[in-house]
Protein chains: 2
Amino acid sequence: MFSEIFHLDETTTEAELLDLISSLNADPRFHGILVQLPLPPQIEETVIIEALDPIKDVDGLHPFNVGKLLQGVPDFIPATPAGIQQILLRNGYDPAGKHVVVCGRSNIVGKPLATLLLQRRAGSNATVTVTHTRTANLAEITRQADILVAAIGQPRAITADMVKDGVVVIDVGVNRVDDSTRRRGYRLEGDVEFEAVSAKAEAITPVPGGVGPMTIAMLLVNTLTAARLSIHGR
Amino acid sequence: MFSEIFHLDETTTEAELLDLISSLNADPRFHGILVQLPLPPQIEETVIIEALDPIKDVDGLHPFNVGKLLQGVPDFIPATPAGIQQILLRNGYDPAGKHVVVCGRSNIVGKPLATLLLQRRAGSNATVTVTHTRTANLAEITRQADILVAAIGQPRAITADMVKDGVVVIDVGVNRVDDSTRRRGYRLEGDVEFEAVSAKAEAITPVPGGVGPMTIAMLLVNTLTAARLSIHGR
């Protein structure tokens, strides 16, 4: 497998990055292009994402690919949502007919995951609720979840009183919490109070080591899909 | 205002329709193009929609526009969801912080409406649940709705026992029900048992006359937006 990393200076201009993307779009050696986010302030993220050839957009973030996802005919499923779906399916928790509560509405996790799981497709077909900072009665809603996905970005936001017995919990949070006992000065924590919630849960993913590795695996799946699309077309 | 209707024969081929769209995309007299769906079986709907210049797609159905909607930066909001949002806002029912239950997951109503109302934007910010044919406990979920949107396509699917007192109901259903007392042999009915539900509801839209006229108005709004975009850019 051929792969190349382009380390750009943090003072790179939008025009320079657009030039690079344009050349990568046209270069048949590359089937997939991943722009590592976030970008520095002088570069508009949406301008860059929309400049990608959708057929090489292995992150699935180009609006064209996001739209195909919502319409139920995706070429690429964004990596984290795809990884979460695979964790569920490969552990025997088909979301079909289940009530999935997605806490968080980001463009890379909450919204595409909700979109993915409500589709009329094998591996989806869930009843989906999306909650966020403006949700009035969060605990009342999370307690209904058969499958609870925490993608909030706040350590220990989901506590044991917020889940029902037998819930399946996917913790997408990766929060740095100050910790002077660690050599690097912090530890990683999820969005879920792991010990207390795991006592009630049928299954729960840890942080780190849960969703993260699956995200990477799904990026490789998308790159393979991109190569197939470039050879065989849609 | 200049406008033109192209009545095509039902035997029109996909290639012929693509040719027409290509010429309309290039024709500066037209700011908006609306393809009346459904299309006859020899024409693939997605091929036609994806052939539209997204900047003229006043229906908001091109995947690029759908993706922008999910990402919270839409150029065009699909007409029926936009109309429903306006009905709510102009009658004093801001969905912010409310629990909106959307019954139905079609590409033209359920999915884009749920997408629209959960955004972090003025006029949205709702906690949103999407239900569908695979939902296990529909009545239990609909009874939680502060705002209930019925887009099921089944007459009288929502009955009075399925809603709570004070609910706001938007009925998107347009079902033809046989009725020999009508000159045309049928009457139009919504998805909601209107009389019984309206006794419990704070507000409810009728069928016909509720959502339908707003859909048409929003198409005109989108056409105006398209004209602005063509002149001033994004």
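Helices (H or I, at least four residues) and strands (E, at least two) are DSSP runs, numbered from the N terminus. The model is predicted: local features need pLDDT of at least 70, side-chain atom pairs count only at pLDDT 80 or more, and totals for chains, interfaces and linings use all residues. Residues are numbered from 1 along each chain as its sequence is written, chains are lettered from A and ligands numbered from 1 in the order in which they are written, and side-chain values use heavy atoms, without hydrogens and water.

**Exercise 1.** Determine where A:E16 is found and whether A:E16 counts as buried or partly exposed.

*Solution.* Step 1: A:E16 belongs to helix α1 (residues 14-26) of chain A. Step 2: buried means under 20% relative accessible area, exposed over 50%, and partly exposed in between (1.4 Å probe, protein chains only). Step 3: the relative accessibility of A:E16 is 45%, so this residue counts as partly exposed.

**Exercise 2.** Describe the salt bridge between A:E50 and B:K68.

*Solution.* Step 1: a salt bridge requires a side-chain nitrogen of Lys or Arg within 4 Å of a carboxyl oxygen of Asp or Glu. Step 2: the side chains of A:E50 and B:K68 meet at 2.8 Å, N to O. Step 3: the pair joins two chains, because A:E50 lies in helix α2 (residues 45-51) of chain A and B:K68 in helix α3 (residues 63-70) of chain B. Step 4: A:E50 is partly exposed at 26%, whereas B:K68 is buried at 7%.
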